Amino acid sequence: MELHKKVIRGGIYITMDANIGDVKNGAVLLEGNIIKEISHSEHAFDHHQDAEFIDAHGAIVMPGMVDAHRHNWMSLFRGVSTEESLPAFLINTFYAFGGVFTASNMYAAVLSGNINAINAGTTTVYEINDCVNTPDHAFNAIQGMKDSGIRGIYAYGMQVYNFEPSGFKSQEDRLDMARHLSCTQFNRQDRLGMGMLISDLGTVPFAHSAQQIRLTDELGIKCVSHTGAAKTSILLRGLRELDDHGLLRPGHLHAHSNGLTGEDWKLIAQTGGYVVSTPSSELQMGMGFLPYRACVEHDIPFGLGTDLTGVTTDDLFTQMNIALQIERALANDQIHQRDSMPFEITPTVRDALYWATMGAQK
């Protein structure tokens with residue numbers, strides 16, 4: 001049976017592909033979920049009479065954005081954390097709300113959060129689902145993602161909250177549930193995959209962290225951690241110990257990373273890691289400046305996320321704007337210190353768009 005086709009005609013195409021470049025008044029042919037061809041000619045695909053034709057004149061056509069770190073389970077807490085530092089947020093919002101968050105709350109939060117993402121131009125989400133208080137929390141979060149139509153990764157969280165009655169007796173129970181989800185919930189899914197948010201490094205015994213990471217390897221799922229988020233704390237670090245035990249794997253996504261040192265950056269680069277920054281929450285909560293410059297210096301893929309609506313809006317345009325201007329200010333300040341003025345403004349708008357589309361989607 002022939003795949004359903006769509007042809008987009010007219011408009012300006014920002015492809016983010018160095019070989020194709022930008023295209024004015026061109027056309028795109030899609031078959032099913034696949035972009036089959038891009039043409040500089042508006043009428044190149046007119047002969048596909050079985051296609052749906054979409055008029056894009058006067059519009060910009062670009063890749064859907066990738067929110068590489070989004071706690072959609074907290075999407076119901078809009079605006080509650082706008083005055084909170086990181087310690088205050090962890091006490092008053094993260095643990096306080098997480099300890100009473102039900103499975104039905106989870107479905108509503110993940111579904112509504114992803115619908116908001118799609119409405120804001122975000123088509124792929126890395127769902128950081130810390131609050132797996134019971135097996136039903138996990139099932140409902142995944143169902144919320146499926147029902148929203150979003151693409152993305154469901155990152156099963158290993159965080160433990162003071163939720164009653166507890167849905168798990170031990171870490172082994174939690175790991176067994178991860179195995180079950182991996183085998184039953186993502187078969188034949190072309191839109192969704194699975195990952196694991198490991199316990200915050202330093203808050204659990206190292207053996208637990210090692211066991212979690214080894215399971216991501218066993219299941220072939222993605223691994224994400226909150227890494228170096230608290231600039232002056234020894235918690236959320238531990239990269240050297242992980243590397244000594246061969247536990248820094250390619251594709252490990254390190255969120256925030258504001259407090260890492262030069263040696264840490266070398267380890268992430270050498271082991272094929274990625275970094276995602278969430279500018280609004282990091283700047284507000286006192287985590288430190290963004291890690292963009294270190295990522296450029298060490299050739300580490302760098303992406304953006306919205307983190308949580310408790311602090312900011314849930315669109316990536318806001319995060320691009322904040323990240324772009326703070327990095328420009330830091331670059332300009334280096335020139336000011338030489339008693340000069342900048343004649344070139346960097347990073348560029350296209351750089352920011354890259355962070356939100358291609359930066360961390362591998």
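Val 7 sits in strand 1, which covers residues 5-9. Helices here are DSSP runs of H or I with at least four residues, strands are DSSP runs of E with at least two, and both are numbered from the N terminus. The model is a predicted one, in which local features need pLDDT of at least 70, side-chain atom pairs count only at pLDDT 80 or more, and totals for chains, interfaces and linings use all residues. Residues are numbered from 1 along each chain as its sequence is written, and side-chain values use heavy atoms, with hydrogens and water left out.

With a relative accessible area of 1%, Val 7 is buried (buried means under 20% relative accessible area, exposed over 50%, and partly exposed in between, with a 1.4 Å probe and protein chains only). Its contacts, leaving aside neighbours within four places in sequence, are Val 28, Leu 29, Phe 45, Ala 51, Glu 52, Phe 53 and Ile 54; contact means heavy atoms within 4.5 Å. Asp 46 lies 39 residues from Val 7 in sequence, and the two are 8.2 Å apart in space, C-alpha to C-alpha.

The loop between strand 2 and strand 3 holds Thr 15, which counts as buried at 15% relative accessibility. The side chain of Thr 15 reaches the backbone nitrogen of Asp 17 at 3.1 Å, and a polar atom of that side chain lies 2.7 Å from the backbone oxygen of Gly 21. Polar contacts of this kind are pairs of N or O atoms within 3.5 Å; within protein, one must be able to donate a hydrogen and the other to accept it, and residues adjacent in sequence count only if both atoms are side-chain atoms. Beyond four places in sequence, Thr 15 is in contact with Ile 20, Gly 21, Asp 22, Ile 38 and Pro 63. Met 16 is found in the loop between strand 2 (12-14) and strand 3 (22-24). Met 16 has a positive phi of about 60 degrees although it is not a glycine, and is buried at 14% relative accessible area.

Eight strands form an open sheet in the order 8-9-10-11-12-13-14-15, with parallel pairing; two strands pair if DSSP finds at least two bridges between them. Strand 8 (65-70) and strand 15 (302-304) stand at the edges with a single partner strand each, so one side of each is left without a neighbour in the sheet. Direction ignored, neighbouring strands of this sheet are turned by 25 degrees against each other on average. Strand 10 (residues 151-157) pairs with strand 11 (residues 192-197) in the parallel sense over 6 bridges, and Ile 153 stands opposite Gly 193 in strand 11.

Helix 10 packs on the sheet, touching strand 8, strand 9 (122-129) and strand 15, and its direction makes about 80 degrees with that of strand 8. Such axes are lines fitted to C-alpha atoms, for helices over the stretch in contact, and angles run from 0 to 180 degrees between N-to-C directions. The 21 residues of helix 10 reach 30 Å from first C-alpha to last, close to the 30 Å expected at 1.5 Å a residue (the expected span is 1.5 Å times one less than the number of residues). At the N-terminal end, Asp 315 caps helix 10, with a side-chain oxygen 3.2 Å from the backbone nitrogen of Phe 317. Buried residues of helix 10 include Leu 316, Met 320, Leu 324, Glu 327, Arg 328 and Ile 335. Among the elements covering them are helix 8 (279-284), helix 9 (292-298) and helix 11 (349-357).

What about the cores? In the largest nonpolar core, of 74 residues, Trp 73, Tyr 154, Tyr 156, Leu 181, Met 196 and Trp 265 touch the most other members. Helix 10 (residues 316-336) gives the most to this core, with 5 residues. A second, separate core has 11 residues, including Ile 128, Ala 155, Leu 197 and Leu 253. A nonpolar core is a set of buried Ala, Val, Leu, Ile, Met, Phe, Trp, Tyr and Cys residues joined through side-chain atoms within 4.5 Å. Outside four places in sequence, the contacts of Tyr 156 include Asn 129, Phe 168, Arg 174, Leu 181 and Met 196.

A cis peptide bond, with omega about -5 degrees, joins Glu 164 and Pro 165, and Pro 165 is found in the loop between strand 10 and helix 4 (171-184). The peptide bond from Thr 346 to Pro 347 is cis too, with omega near -5 degrees; Pro 347 lies in the loop between helix 10 and helix 11. Ser 257 has a positive phi of about 65 degrees although it is not a glycine.
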